[in-house]
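Student: I have the model open. Can we go through some of the labels and what stands behind them?

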Amino acid sequence: MWFKNLKIYSLTQSLDINPEDLHDQLSQAAFRPCGNQDIASMGWTSPLKQGASLVQAADGRILLCLKKQERILPGAVVAAELEERVEKIERDTGAPVGKKAKQELKQEITHQLLPKAFTRDSYTFGFISAKDNLVVVDASADGKAEVFLAHLRKTMGSLPVVPLCRRSLSPDLTNWLKGEAMPTGFSLLEEAELKSPNEDGAIIRCKNQPLDAEEIQLHLQSGKLVQKIALEWDERMTALLQEDLTVKRVKFSDVLREQNEDIPKDQQLARLDADFCLMSAEVVKLVEVLDQAFGLAEQN
């Protein structure tokens, strides 16, 4: 329930979403397990493991979960079986097996082994906050987030979103590291990645290193720009902020996470609902602060 990464998107048009109607739409694209010959299957599932609904709505925000199931059929297994069969055929016929015949044999082997292959499940969570014109996906890479958005767009028929940040924040983050005043509530931790804008693209990564140290400042003086920087925000969370506004390794404070500890353990659904409400509210607040800090509303 507590997101670990944030890919942040802005709705370019107002979106009027009714949770019940959205559930009906998602039901048409609900997750179904892989069939015997399916390499992968993808669809919507309940964001609450014990829940039946495909949406979880709280305080105007809607939580969704995209489930992907893949059959694990290692290439090495197929290659070994192929080699064994080719050797047998050549031994029995006394003639070499051609390239086309090998390809057909490989497809036959894959067809036979797929039903026996193990499956692996993965989940991508995201939430829509129409009142804040935001869609946030718990993903650290563009590819995973785009798959989520594409599936949601296909399911809903339309999803007018763009990345909230459409420019590099490197100059801003670099100025923070040089000592420029940071937005209220933010403080630097001891991790950063710097990259040279020159053709060599030299990269410096530091961890457990005070960022005001002389050697770090020398790298800045040589022209390197900050690509990633570790921050603490308002004693409520820590994270690694990238120059494209991707927020990675989000860790919410214990004080925040313990606010719903009074909910009885036998009311797990109520606890998950309360956690989502709390977590999503904090994420929206963070996005608002970052939006103001970097002037993202002024982008062309």
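Student: Why is strand β4 (residues 61-72) called largely enclosed by the rest of the structure?

Tutor: Buried means under 20% relative accessible area, exposed over 50%, partly exposed in between, with a 1.4 Å probe and protein chains only. In β4, 9 of the 12 residues are buried, so the strand counts as largely enclosed. A strand here is a DSSP run of E, at least two residues, and a helix a run of H or I, at least four, numbered from the N terminus. This is a predicted model: local features need pLDDT of at least 70, side-chain atom pairs 80 or more, while totals for chains, interfaces and linings use all residues. Residues are numbered from 1 along each chain as its sequence is written, and side-chain values use heavy atoms, without hydrogens and water.

Student: What makes β4 and strand β5 (residues 118-129) a pair?

Tutor: Two strands pair if DSSP finds at least two bridges between them. β4 and β5 have 12, in the antiparallel sense. Leu63 has Phe127 in β5 as its bridge partner.

Student: How do you know that strand β3 (residues 56-58) pairs with β4?

Tutor: The two strands share 3 bridges, antiparallel, against a cut-off of at least two. Ala57 stands opposite Ile62 in β4.

Student: Why is Asn18 called partly exposed?

Tutor: Its relative accessible area is 35%.

Student: What makes the approach of Asn18 to Glu20 a polar contact?

Tutor: A polar contact is a pair of N or O atoms within 3.5 Å; within protein, one must be able to donate a hydrogen and the other to accept it, and residues adjacent in sequence count only if both atoms are side-chain atoms. The Asn18 side chain reaches the backbone nitrogen of Glu20 at 2.9 Å.
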